[in-house]
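Hi,

Here is the structure I promised to pass along.

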Amino acid sequence: MVLDYTFFYVEANVVCIIIFALLLTRDLGSVGRQAKQMIFVNITVSHMLYFVSDIVWVLIIGGIIPPTRLAVSVVNVANAIFLSAITGSWFVYVELSQGEIYITKSRMRLYVLIPAMLETVVMIVLFIFFPTKVVDENVNLTALYKLVFLSVPAFYVLLSAIRSIVRAFKKENYAVRTQYLVCAIYPVIITIAGIIQTVWFLAPLFCFGCAIMMTYVYIISLNDQVSLDELTRLNNRTQLKKYVAGEAAKQSAEKVTRFVLMIDLNKFKYINDQFGHVEGDYALKRTADALKTACADNSLKTFIARYGGDEFIIITKTDDEALVKELCETIKATLVRLNDEAGAEYELTASIGYSSYKGDIKSFQTALAEADEALYKDKAARKAAG
């Protein structure tokens with residue numbers, strides 16, 4: 001390898017380390033970090049450690065550091081450990097980002113990372129007890145090393161990409177489809193970059209690919225924090241305003257009637273008072289799941305948002321009021337069913353009001369007031385019926 005290229009490769013990795021250090025500093029400075037952010041920190045640190053190890057490896061290849069069996073072994077064990085940590089943590093991050101409940105438990109996150117831990121153990125055992133199986137007499141890495149090195153990362157990459165793509169094209173996730181597709185594309189892009197770098201060793205494409213994609217993921221994550229309700233993972237009020245404004249801008253071309261639905265939980269204060277606010281949060285999450293499930297089972301294209309407290313809003317494009325009435329009944333039935341399936345000790349029901357509007361902001365505000373009025377009529381009718 002040409003000496004100038006060795007230093008160029010080192011400089012490129014140093015630049016990528018600096019970029020990741022900036023992302024890490026920004027993330028560590030945030031207040032009240034959640035599990036997802038902690039996993040993001042793990043991914044960032046693992047990348048930085050991998051780049052450091054990769055710098056040492058390129059210095060060995062370039063002859064700057066003597067290519068002894070010990071040096072080659074230590075560096076490549078480190079590379080394997082850090083790459084497994086990157087891809088394993090990425091899979092956990094994707095699952096958390098996309099609202100998978102099972103992964104919120106620390107025990108389940110540990111189970112998910114078992115393949116990465118097993119690869120670490122296998123690599124250490126191979127290099128200590130069977131060194132000639134992974135590094136030949138010319139101090140070159142063998143096919144067995146490359147197979148073990150790539151197997152677990154490839155497993156995590158493929159699994160996270162497939163699961164993200166499947167979720168992206170579920171009807172209820174169309175509003176956040178971009179975020180899901182980014183999660184699917186990220187590992188594919190850096191994998192392609194790594195393969196090209198391995199086959200055509202003329203540029204440090206892996207570190208560049210990682211830096212570019214992680215920066216983009218970070219931007220998407222910030223947007224996610226701004227646009228999604230933290231508890232229910234539905235669109236928040238800010239995103240609702242953006243959606244209504246965007247639809248108003250398109251209305252002159254589309255000329256489509258819309259309906260706005262206001263959903264309010266019945267006796268939600270009672271749930272909080274009698275069972276505690278933690279259980280109240282579960283009720284809100286269950287309501288969000290019911291709304292997404294009901295909208296997915298309906299033929300209408302919908303936008304769902306948490307308006308505030310125990311109030312939710314759905315906007316749908318249709319001229320058929322009968323479909324809107326059907327959606328209202330589906331929501332109510334789905335909410336009751338999911339609450340029963342959860343074994344809750346309380347009744348969880350909703351009142352719903354709706355009104356049509358023409359797509360512009362002024363008519364939306366009028367429709368919102370009318371839907372709110374219809375909501376309380378529905379609530380009063382429920383009380384009257386006992």
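Below is what turned up on one helix and on the salt bridges.

First, a caveat: this is a predicted model.

Let's start with helix H2, residues 35-61. Just after H2 comes Gly63, which takes a positive phi of about 85°.

Now the charged pairs. Searching the whole structure gives 14 salt bridges. One of them joins Arg258 and Glu247, with the closest N and O atoms 2.8 Å apart. That pair links distant parts of the chain: Arg258 sits in strand S1 (residues 258-265) and Glu247 in helix H10 (residues 237-254), eleven residues apart. Both Arg258 and Glu247 are buried.

Glu341 and Arg337 make another salt bridge, at 3.2 Å between the closest N and O atoms. Both are in helix H13 (residues 321-341), four residues apart, or about one turn of the helix. Glu341 is exposed, at 56% relative accessible area, while Arg337 counts as partly exposed at 38%.

Helix H14 (residues 361-384) holds Glu373 and Lys377, again about one helical turn apart because they are four residues from each other. Their salt bridge has its closest N and O atoms 3.9 Å apart, and Lys377 counts as exposed at 54% relative accessibility. Elsewhere, salt bridges with shared partners join Glu95, Glu100, Arg163 and Arg167 into one network.

Cheers

Technical notes
Residues are numbered from 1 along each chain as its sequence is written. This is a predicted model: local features need pLDDT of at least 70, side-chain atom pairs count only at pLDDT 80 or more; totals for chains, interfaces and linings use all residues. Side-chain values use heavy atoms; hydrogens and water are left out. Helices (H or I, at least four residues) and strands (E, at least two) are DSSP runs, numbered from the N terminus. A salt bridge is a side-chain nitrogen of Lys or Arg within 4 Å of a carboxyl oxygen of Asp or Glu. Buried means under 20% relative accessible area, exposed over 50%, partly exposed in between (1.4 Å probe, protein chains only).
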